[in-house]
Each structure stands twice: as C-alpha cells, then as structure tokens.
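Good morning, and thank you for making time for this. Please look at the sequence and the structure on the screen, and I will then go through a few places in turn.

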Amino acid sequence: MTEFAIDQPPVVALPVDGTSAVFPVRRVYCIGRNYAAHAVEMGHDPDREPPFFFQKNPDNLDASGEFPYPPKTSDVHHEVEMAVMLKSGGQNIPLDSALDHVFGYALSLDMTRRDLQGEQKKMGRPWEIGKAFERSAPVGPIHTVDSVGHLDHGLVQLKVNGEVKQEGDLNQMIWKVPEMISYLSEYFELAAGDVILSGTPSGVGPVQKGDRMEISVEGLGSMGVQVV
Ligand code: MN
C-alpha cells in the first residue's frame, strides 16, 4: 500500500442518482460562450468560431445545495449549465463515438466573480480568480445515460427567488456534446472522471446572500441552491 508523505486529500466524489455509489472527479473543463444569445449579451459575435475552454478545479464542484458568497467580489453571477460526466476517454476521439464515453449528466452552475473576470479579460490574463474559486460549481446528482439517455434538447432554466432569469434550450448549443468531447480530446487526453460544463444560455446576472436559485434541465429535474 502507498504511504503518503502527508495526509491524502479527499477524493472529490459526486452523488449518482439511484445508487449509493459516487462518481470520482478527475478534471473539470468548461466551455465559454456556447449559446449565441449569451455570447451576444457578453458583447461578442455569436458566429461559430472555434470553441474555447477554461478549467475549474475538481474540488470546486459541490453537491451540498448551498453556495457560500465568495470573498473579493461584489458581482457574483449565476450561469446554469448541463454537466457531462465521462466514464472513459482518450485522444483524438472521433465524433461518431464521442457519446460512448459519457457516463451521465447533471445540473450544474458555473458561478462567476464577474467583476474579477472582467478585469482579467481587460488585461488579457487567465480567468481562474473569476471562475475557479471555492465551491464555484454547485452540482446536482448525476443521472446515468442508462436511466436518462443522451440529452440534446430540452428547456434549461434558472430562477432566482421564483423569478425566471435564464432560459434556453439544449438544442441551442453552438458546440454540441459530441463536438466538445472530440475537440477537447485533440488537445488533452480525456479520461474517466472528467467533467465538462456545457455552457450557459443568456440571462446571466448577479445573486446576493439569501437568494435562492432554482435550476432545471428537462430530463434532469430541478434543484435548489441557496446563497449563504
Ligand atoms: Mn459558463
């Protein structure tokens, strides 16, 4: 047995609907501007340019149903997204077999310190302090492909305190799930435990302490996330 020189950090593990088994997380990739209306609201051209990705940290994923308002910001935005969990991977994965690597799907949020992200964008610097902070990706239970199939259309919605703020359809993604997997695998070696956040529809905006977000994706149910 391996002897660790320091205490081993916990494995980040997410609940899987309908079983007590958990999903261990390896890496987290997030696509930017994957819904045309959101690209436009952020001041960009919605034409189909090559996709771009950033990363969050595995332990940024959080299934507690609470989102602690983070430090060093006064403008934290919600971005509702569908998360894609992989059970296998590889390099240069062809489009027509990309979905074979998907274990399941989950509701998620790409919470963003928009003020910090904006400063980094202006200076041409990386986005981590805007995107990859503690508990910045609330996530729901994973629904396996065996139970829900593959999701390529259906309503994506976010409400804050009961009011609809974001609404779109999975079929509006500029880059579809198989395309994201195939594209990423040209640049990285994908593997079991990898998670891809698939982008957010338009309507992003700020939350405050005490707000309750409710997110839903047709086929995955809904979940509440309390800002604390
Ligand atoms: Mn996002």
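In which strand is serine 108 found? Serine 108 is found in strand E9, which covers residues 102-109; strands here are DSSP runs of E with at least two residues, helices are runs of H or I with at least four, and both are numbered from the N terminus. Before I go on, please keep in mind that this is a predicted model, in which local features need pLDDT of at least 70 and side-chain atom pairs count only at pLDDT 80 or more, while totals for chains, interfaces and linings use all residues. Residues are numbered from 1 along each chain as its sequence is written, and side-chain values use heavy atoms, with hydrogens and water left out.

Serine 108 counts as buried because its relative accessibility is 0%, where buried means under 20% relative accessible area, exposed over 50%, and partly exposed in between, with a 1.4 Å probe and protein chains only. Leaving aside its neighbours within four places in sequence, serine 108 is in contact with several residues, including Glu79, Glu81, Met82 and Ile215, contact being heavy atoms within 4.5 Å.

Glutamate 81 in strand E8 (residues 80-86) and aspartate 110 in the loop between E9 and strand E10 (112-113) are 29 residues apart, so that the pair links distant parts of the chain. Both glutamate 81 and aspartate 110 are buried.

In soluble globular proteins, nonpolar side chains tend to be buried together. The largest nonpolar core here has 41 residues, of which Met82, Ile181 and Met213 touch the most other members; such a core is a set of buried Ala, Val, Leu, Ile, Met, Phe, Trp, Tyr and Cys residues joined through side-chain atoms within 4.5 Å. Among the elements that give two or more residues to this core are E8, E9 and helix H5 (177-187). Isoleucine 181, not counting residues up to four places away in sequence, touches Leu86, Ile93, Ala98, Val102, Leu190 and Ile196. Another core, of 18 residues, lies apart from the largest one, and Leu14, Val16, Val25 and Ala137 are among its residues.

Helix H2 also deserves a look. Glutamine 117 is found in helix H2, and glutamine 117 counts as buried because its relative accessibility is 3%. Not counting residues up to four places away in sequence, glutamine 117 touches Thr112, Trp127, Gly130 and Lys131.

Finally, what about lysine 159? Lysine 159 is found in strand E13, and its relative accessible area of 27% is why lysine 159 is partly exposed. The C-alpha atoms of lysine 159 and serine 147 are separated by 26 Å, although the two are twelve residues apart along the chain. With residues up to four places away in sequence not counted, lysine 159 touches Val164, Lys165, Arg212, Met213 and Glu214.
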